[in-house]
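Student: I would like to go through this model with you. Please show it first.

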Amino acid sequence: MGLLTGKTALITGAARGIGKAIALKFAEEGANVAFTDLVIDENGKATEAEIAAKGVKAKGYASNAADFAQTEEVVKQVKEEFGSIDILVNNAGITKDGLMLRMTEAQWDAVIAVNLKSAFNFIHACVPVMMRQRGGSIINMASVVGVHGNAGQSNYAASKAGLIALAKSVAQEMGPKGIRANAIAPGFIDTAMTQALSDEIRKEWAAKIPLRRGGTVADIANCATFLASDMSSYVSGQVIQVDGGMNM
Ligand code: NAI
């Protein structure tokens with residue numbers, strides 16, 4: 001019996017990266033997994049097959065998380081096809097970095113829409129389902145920069161701070177209905193997003209981390225599993241930094 005046996009998880013932006021690692025870990029713990037991404041191409045289908053190979057029900061849905069109507073539709077489909085939604089992970093995210101003076105309105109709007117509005121869309125659509133079930137766990141994928149800020153990432157940092165405040169607000173509103181909401185703030189995690197950085201920048205980052213390494217997607221998936229499962233049944237409205245001790 002896994003930590004998540006019998007539960008259904010819905011994870012956004014999970015065709016690759018951190019979202020995919022969470023999907024696989026949840027499946028190992030017995031959860032059925034529905035996930036979204038902008039497109040479900042060969043890569044998305046491969047992710048779906050890898051999850052299903054753990055012996056659970058798995059399906060990828062093509063949907064733009066920033067789109068309110070598409071989100072309502074996808075949540076309706078997941079509810080119909082999986083029967084319940086017990087865990088929601090708002091993971092879809094992008095960066096469009098730039099210093100304030102050079103940041104365009106389009107860069108600002110895109111990052112706020114994909115990172116923050118998407119979470120509102122999914123929480124808004126999933127909460128009625130979770131209320132009828134008398135419980136659920138919502139996890140917003142924030143970032144350490146949402147707590148501490150970061151030069152050159154004002155749009156991204158603001159979106160991640162918003163995800164933290166959103167989780168805390170939902171925790172307060174929905175706690176009486178048995179719904180918990182928390183945020184994970186990863187530090188420097190080895191994914192496509194960070195592999196794009198130069199070796200020099202990556203070394204500089206590692207030197208600032210007490211554990212002297214970047215995080216792995218498994219480090220984040222383990223924390224997500226804790227927050228998704230009944231192991232954290234009395235934890236709500238929290239932000240957990242998973243960053244090797246980089247920010248204390
Ligand atoms: P990634 O770029 O590898 O994966 C993100 C996924 O989201 C991709 O599959 C992408 O297609 C999907 N996506 C993008 N826009 C979407 C939309 N509008 N609708 C649906 N799906 C969409 O990124 P990674 O590194 O796996 O990041 C996952 C989350 O973790 C993001 O929210 C990111 O901000 C956050 N994070 C990552 C850190 C890192 O060091 N990699 C550090 C802190 C936070």
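Student: At what angle do the axes of helix 3 and helix 4 cross?
Tutor: This is a predicted model, in which local features need pLDDT of at least 70, side-chain atom pairs count only at pLDDT 80 or more, and totals for chains, interfaces and linings use all residues. Residues are numbered from 1 along each chain as its sequence is written, and side-chain values use heavy atoms, leaving out hydrogens and water. Helices are DSSP runs of H or I with at least four residues, numbered from the N terminus, and axes are lines fitted to C-alpha atoms over the stretch in contact, with angles from 0 to 180 degrees between N-to-C directions. For helix 3 (residues 68-82) and helix 4 (residues 105-133), the axes come within 9 Å and cross at roughly 35°.

Student: Which residues of helix 3 make the contact with helix 4?
Tutor: Contact means heavy atoms within 4.5 Å. Helix 4 contributes residues including Phe 120, Cys 126 and Val 129. From helix 3 come Phe 68, Thr 71, Glu 72, Val 74, Val 75 and Lys 79.

Student: Is Cys 126 buried or exposed?
Tutor: Buried means under 20% relative accessible area and exposed over 50%, with partly exposed in between (1.4 Å probe, protein chains only). Cys 126 has 0% relative accessibility, so Cys 126 counts as buried.

Student: How many disulfides does the structure hold?
Tutor: A disulfide is a pair of cysteine sulfur atoms within 2.5 Å. The structure's count is zero. For Cys 126, the nearest cysteine sulfur is that of Cys 223, 20 Å away. The number of disulfides is therefore zero.

Notes: Helix = DSSP H or I, 4+ residues; strand = E, 2+ residues; numbered from the N terminus.
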